[in-house]
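User: I would like to learn how to read side-chain pairs and a ligand shell. Please take me through them one by one.

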Amino acid sequence: MPSTLKIKPKRRKAIHKSKSRVPLKQLHRRDGYGSLTSCGKNYMASDTAIGEDEQEELISRDGTDPLSLEATFDQRQGGPQVPDLYTTPPPIKDSLTTDTSISQDNTVQQCLPHLFASGKSLLSVNAHGVPSLEREGHVDFLHDAIENARYIPYDAVRPWVLYWSLTAFSLLGENVETYQQRVVETLSVCQNLSGGFGAGHGQLSHVATSYAAVLSLAIVGGSESLDMIGRRALWRWLGQLKQSDGGFSMCVGGEEDVRGAYCSMTIISLLALPLELPPNAPTRAHGFTSFLDGLPEYLSRCQTFEGGISGRPQSEAHGAYAFCALACLCILGPPHEMLRKYLDLPLLISWLSSRQHAPEGGFSGRTNKLVDGCYSHWVGGCWPLIEAAIKGSQPSALTITPKFGSLYNQEGLIRYILSCCQADDGGMRDKPSTYPDAYHTCYTLAGLSSTQYFSYYNGTRNAEAGYPLDSAFQWGFSKKSPQRDGNEEEELVDAEDMLVSLHPIYVIPWGAVERSHGLFSQKTGF
Ligand code: FPP
Ligand code: ZN
């Protein structure tokens, strides 16, 4: 068990992070006593801090100043060890060289130094060689991102920039209520009288921007925010999107794919809109009367021969579409009923498992493609839904058996996110060779959060007892404690790098879901 020392430097940039865990064999105080502790999990709860002047007192046993940039990971003797799985190229390799194999090899080469923490300051990684979460840098980055949302280049994605930034702020524990008024002002010009939200003023309503707008309003909360949504017009407009094969198009006359189904059902369920189709909905001509008609069957047809889920039937499976389809099914009913009934779960699990790469540890979106931080959510977010489908309803977190391991390698995902996705000046990225943006910051942090909490379905009520889509609101969460084979394990991530938990279906904080559902499920009519 490594000994540790909490160090809180005054200058964030100077020493990468405001705390670290450093092995006893490498660091000691000149005074020979003090804050080094070595008692399992307690080391993470230690509040012992030293000032900048005291940092100079720290020396390594080999005489190197561990705070200097020269004291790098490579120089450590007996320091944090990163398991070979994350530092060694795959032992088996296809001899055929293609553009795809070259891109894959290049990706491994760019990730390896980050995974090995090569050249990193001793104090920027913990005892497991995992870098700290650069919380302040990410918050600064997000402040810039949300400020930039008002500029013209963001005219096509404005509600999205709000959603990504607000969700990421929430994950980092920042107060987003301060954005209430500005979010309402920005989104009120995106809302169309004919229903739905466009990306900007005067733009056609689109279900993806409507999804981002509704979720952003739910996140900031406040009566003005949710009340500004024209629910009746939204309901009528969504009726135009319902298609005769059971799915939804993205906008009137636009393409149809599983994003349309997930975004529409997110809006309908969160705002408790009537499930009955509006009188003028075109699919009434095909005998449909409800938004739900033919929907689970449509999603089922999107599962491909590989086991993954494609945007539409007979297309290529992709992780982003898989999340949309699974989350949509979980809006329609309990996970163990819907996922087992409408999907080949073993085949899906097999395909999802193939999304995780070694040594990188992160997920790719589809077969023969590269790891990317955003799939930490799109693929990573599928796992809790699948785990809930396997376990069935659980009345409380206490019933979660500690011996139930994860269906994927969480350590790999955590290492990829913290080692490869954090940009030096804040913000999260796809991979080391790319620049950070709000989208990757949001979904990479969402993926990291999902490694820190269990989400479980605790539904007991049946659909007849209330709003028919009640099951989406019968989920709970609890903090994970690292377990393997029933034995408590050391945390891979420091206690202060914990994030806030998000609802596994709506991908916003739990409180935001409860607030919206609480407000609208009480309302009769519009
Ligand atoms: C391929 O991009 C990406 C897709 C085919 C799907 C993108 C869909 C989403 C991100 C989901 C959107 C969700 C909502 C809720 C609107 P690529 O070819 O650049 O990436 P790849 O090489 O990793 O497949
Ligand atoms: Zn990406």
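Analyst: Start with burial: buried means under 20% relative accessible area, exposed over 50%, and partly exposed in between (1.4 Å probe, protein chains only). This is a predicted model: local features need pLDDT of at least 70, side-chain atom pairs count only at pLDDT 80 or more, and totals for chains, interfaces and linings use all residues. Residues are numbered from 1 along each chain as its sequence is written, ligands are numbered from 1 in the order in which they are written, and side-chain values use heavy atoms, leaving out hydrogens and water.

User: How many salt bridges does the structure hold?

Analyst: A salt bridge is a side-chain nitrogen of Lys or Arg within 4 Å of a carboxyl oxygen of Asp or Glu. The structure holds 12. One network of them links E147, R150 and R182.

User: Where do K479 and E491 lie?

Analyst: They form a salt bridge, 3.2 Å from N to O. K479 lies in strand β4 (residues 475–479), and E491 in the loop between β6 (487–488) and α19, so the pair ties together parts 12 residues apart in sequence. Helices (H or I, at least four residues) and strands (E, at least two) are DSSP runs, numbered from the N terminus. E491 is buried, at 13% relative accessible area. K479 is partly exposed, at 45%.

User: What about D227 and K523?

Analyst: Their side chains also meet in a salt bridge, at 3.7 Å from N to O. D227 sits in helix α8 (223–227) and K523 in the segment after α19 (510–521), so this pair joins parts 296 residues apart in sequence. D227 is partly exposed, with a relative accessible area of 46%. K523 is partly exposed too, at 37%.

User: Now the ligand. Which residues come nearest to ligand 1?

Analyst: A residue is near a molecule if one of its heavy atoms lies within 4 Å of it. Of the 13 residues around ligand 1, H318, A320, R366, K369 and Y375 come nearest. Helices α10 (258–270), α12 (319–332) and α15 (375–378) each supply at least two residues of the shell.

User: Which side chains have an N or O atom facing a ligand oxygen?

Analyst: Among them are Y375 at 2.6 Å, K369 at 2.8 Å and H318 at 3.1 Å.

Notes: Polar contact = N/O pair within 3.5 Å; in protein donor to acceptor, adjacent residues only side chain to side chain.
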